[in-house]
Structure formats: structure tokens, C-alpha cells
Amino acid sequence: MATKETTPDKPKMPPINVWAGPVLVGWIVPGGGHFLLKRPGRGALLLVSITLMFLLGLMTRGMMFTPQSGDLLTTVINYGGFIGDLASGALYLVAMMFGYSQPDMAGAVHDYGTKFLVTAGLLNILAMVDAYEIAAERKS
Amino acid sequence: MPKMNLSHFEAAFLFSLFASVVLGIVTKKTDRDRLYYGSYCFVCFLGALFGIGWVMRLGHG
């Protein structure tokens, strides 16, 4: 007798109008998606953490990546870093608007600054994913 | 924008703190779990900071 295999159903993709707003606002303002979804406590913690990390990156004169091709490693590092920087949303856009430009310099402090800038963006991506899950009612 | 100089320890400590807060918030579903996991991440970051620091110190002789 054939038995029917039971596999857990994949959660359905929610309609775009449900999650696009919080995710977009979450990109522009870190934690903004959480504020929009009425999670102000979590939104405030995300806003403070990501913004402080980005500001520390600026104050330690970290380098902003620009898209640059070359050998495979150069391409991956520069495009990956650029995406990480860009993910900080308004923080990145405002910094570039005010002409922030820092060459890649030797030194531990500048190197930490570069990592702070990229990590702020990567943490913001995590916050955007969290906002998506809350909007899709997969999380409270 | 004012310039700031941080020591290795200060920079790694602040990095750990902010990253732990975000990781705690986004990965867990209850406030208690968030606090627990954020603290756990922070302790792991600091453990790695001191552990790898000592390995490098001893490796240099």
C-alpha cells in the first residue's frame, strides 16, 4: 500500500503590498520598518545600534567601497563592500551627499572604520528581513 | 565630522555590543530569548576577542 509522504508546507509568499513598505522604510531608516509595524522598542534599539556603528565608522575615517572590477577577489570585495555600504540606506546616502570620501589608508583604526561601515549595512539587512517576517506574520 | 581614535579593544568591544544587540533582536521570537541570545553573542564575541588575543600574544613569543 502506497503511503503518502507528508512534507511540511512551505509558507506562502505574502502579497507585496504587505511587506514592501516596512522593508523599504527599514532600508531608508534603520529600524524604521519596526516603527511602521508598531514595534517601537525594537525599532529604537536597531536605530541606535546601526546608526552608532555607522557613525563610528565615519569618525574613524573608514573607507566607503565603490563598485570596481578587476580580478575575482577585487570584484567580490569591492562589489560586496559597496552593497554592504549601500544597505545602510539614508546614512550612506547622506554621507555621500555631504561628500564623504576617504582613501584606503594603512592603519588599524581606519580598517576598523571600514568594517564598521560595512557591518552597519549588513546588520540593517538583517533588520529588514526581520521587518519582512513581522509584516508576513511569521513573527510577532 | 569629528575624528576618533579607538584602541583595538575599544573598537572590538563596541563592534561586539552593537552586533549583539541586532543579532539578539532579529533572531528570536520572545523578549526573554532575545535578551538571552544577545547576551550570549556578546559573551562569545568577548571570549573570541580575549582568546584570539592571547593566541596571538603567545604566538609572537
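**Where the chains meet**

Visitor: How much area is buried between chain B and chain A?
Guide: This is a predicted model, and the values that follow are computed from it. Carbon and sulfur atoms give 76% of the area buried between chain B and chain A, and that area is about 2,200 Å².

Visitor: Which residues of chain B lose the most area to chain A?
Guide: On the side of chain B, three residues together account for 26% of what that side buries. Those that lose the most area to chain A are B:Met1, B:Phe18 and B:Ile25.

Visitor: Which helix of chain B gives the most to the side that touches chain A?
Guide: In contact with 25 residues of chain A are 22 residues of chain B. Of the side of chain B that touches chain A, 13 residues come from the element that gives the most, and this is helix α1, residues 8–27.

Visitor: How many residues of that side of chain B are nonpolar?
Guide: The side of chain B that touches chain A includes three polar and four charged residues. Between the two chains the count of salt bridges is zero, while three residue pairs are in polar contact. The nonpolar residues on that side of chain B number 15.

Visitor: Which helix gives the largest share of the nonpolar surface patch?
Guide: The patch, of about 490 Å², is made by B:Phe9, B:Phe50, B:Trp54 and B:Leu58. B:Phe9 lies in helix α1 of chain B, whereas the largest share, three residues, comes from helix α2 of chain B, residues 31–60.

**A charged pair**

Visitor: Why are A:Asp111 and A:Lys115 separated by about one helical turn?
Guide: Over all chains the structure holds three salt bridges, and A:Asp111 forms one with A:Lys115, their closest N and O atoms being 2.9 Å apart. The separation is about one helical turn because these residues are four residues apart in helix α6 of chain A, residues 108–135.

Notes: Residues are numbered from 1 along each chain as its sequence is written. Chains are lettered from A and ligands numbered from 1 in the order in which they are written. This is a predicted model: local features need pLDDT of at least 70, side-chain atom pairs count only at pLDDT 80 or more; totals for chains, interfaces and linings use all residues. Side-chain values use heavy atoms; hydrogens and water are left out. Contact means heavy atoms within 4.5 Å. Buried area is the accessible area (1.4 Å probe) that two parts lose on being put together, summed over both. A salt bridge is a side-chain nitrogen of Lys or Arg within 4 Å of a carboxyl oxygen of Asp or Glu. A polar contact is a pair of N or O atoms within 3.5 Å; within protein, one must be able to donate a hydrogen and the other to accept it, and residues adjacent in sequence count only if both atoms are side-chain atoms. Helices (H or I, at least four residues) and strands (E, at least two) are DSSP runs, numbered from the N terminus. Ala, Val, Leu, Ile, Met, Phe, Trp, Tyr, Cys and Pro count as nonpolar, Asp, Glu, Lys and Arg as charged, and the others, Gly among them, as polar. Patches are made of residues with over 30% relative accessible area and no salt bridge: like charges are joined within 9 Å, nonpolar side chains (Val, Leu, Ile, Met, Phe, Trp, Tyr) within 5 Å. Accessible areas come from the Shrake-Rupley method with a 1.4 Å probe; for residues, only the protein chains shown count as cover.
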